[in-house]
Amino acid sequence: MKLVHIQQALFAAYDIRNAMTTDDMYRPTEGESIGECLAEIINTLENLEAEIEKETEEYSYLFDTNHGELK
């Protein structure tokens with residue numbers, strides 16, 4: 001999975017959260033509220049984003065940043 005895909009999903013989740021009313025956030029689902037479920041989704045996506053960014057940084061030394069080629 002690419003970082004851009006994680007970021008697109010994360011921004012969509014932020015948009016959904018921002019569009020929800022307080023009542024929406026507390027609407028029950030199977031054992032949790034919709035707000036709690038959305039918070040879990042956002043947390044997971046943020047963790048994936050951080051992990052992919054870290055991996056990218058770890059391997060960036062292999063690439064020539066001027067040409068995108070291996071050194």
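This text walks through a predicted model of one protein chain, from its overall layout to single residues.

Start with the layout. The protein chain has three helices and two strands. Along the sequence, they follow the pattern α-α-α-β-β. How confident is the predictor? The mean pLDDT of the protein chain is 86. A pLDDT of 70 or more is reached by 85% of its residues. Helix α1 has the highest mean pLDDT, at 94. Strand β2, residues 69–70, has the lowest, at 54. Read that strand with care.

The protein chain has 71 residues, and 15% of them count as buried. It exposes about 5700 Å². Carbon and sulfur atoms supply 54% of that area. Now take the contacts with a separation of 6 or more. Residues 24 or more positions apart account for 49% of them.

Which residues of α3 are buried? They are G35, L38, I42, L45, E49 and I52. The cover over these buried residues includes α1 and α2, the latter at residues 22–25. A39 also sits in helix α3. A39 has a relative accessibility of 44%, so it counts as partly exposed. Buried means under 20%, and exposed means over 50%, so a value in between is partly exposed. The C-alpha atom of A39 is 9.9 Å from that of M25. Those two residues are 14 residues apart along the chain.

In soluble globular proteins, nonpolar side chains tend to be buried together. Which residues make up the largest nonpolar core here? There are eight: I6, L10, A13, M20, L38, I42, L45 and I52. Helices α1 and α3 each supply at least two residues of this core. Helix α3 gives the most, with four residues.

I6 lies in helix α1. Its relative accessibility is 1%, so I6 counts as buried. What does I6 touch? Leaving out residues up to four places away in sequence, I6 touches M1, L45, L48, E49 and I52. E49 is one of the buried residues of α3. I6 and E49 are 43 residues apart along the chain. Even so, their C-alpha atoms are separated by 6.2 Å.

Stay with helix α1, which covers residues 3–19. A search of the whole structure finds one aromatic pair. The rings of F11 and Y14 have centres 6.3 Å apart and planes at 55°, which means the pair is tilted. A pair of aromatic rings is described by the distance of the centres and the angle of the planes. Where do the two residues lie? Both F11 and Y14 are in helix α1. They are three residues apart, about one turn of the helix. Is Y14 buried or partly exposed? Y14 has a relative accessibility of 21%, so it counts as partly exposed. The cut-off for buried is under 20%.

The relative accessible area of S33 is 11%, so S33 is buried. S33 touches M25, Y26, R27 and P28, not counting residues up to four places away in sequence. R27 lies in the loop between α2 and α3 too. At 42% relative accessibility, however, R27 counts as partly exposed. Setting aside its neighbours within four places in sequence, R27 is in contact with E32, S33 and I34.

Notes: Residues are numbered from 1 along each chain as its sequence is written. This is a predicted model: local features need pLDDT of at least 70, side-chain atom pairs count only at pLDDT 80 or more; totals for chains, interfaces and linings use all residues. Side-chain values use heavy atoms; hydrogens and water are left out. Rings of Phe, Tyr and Trp (its six-membered ring) pair if their centres lie within 6.5 Å; planes under 30 degrees apart count as stacked, over 60 as edge-to-face and the rest as tilted. Buried means under 20% relative accessible area, exposed over 50%, partly exposed in between (1.4 Å probe, protein chains only). Contact means heavy atoms within 4.5 Å. pLDDT is the predictor's confidence in each residue, from 0 to 100. A nonpolar core is a set of buried Ala, Val, Leu, Ile, Met, Phe, Trp, Tyr and Cys residues joined through side-chain atoms within 4.5 Å. Accessible areas come from the Shrake-Rupley method with a 1.4 Å probe; for residues, only the protein chains shown count as cover.
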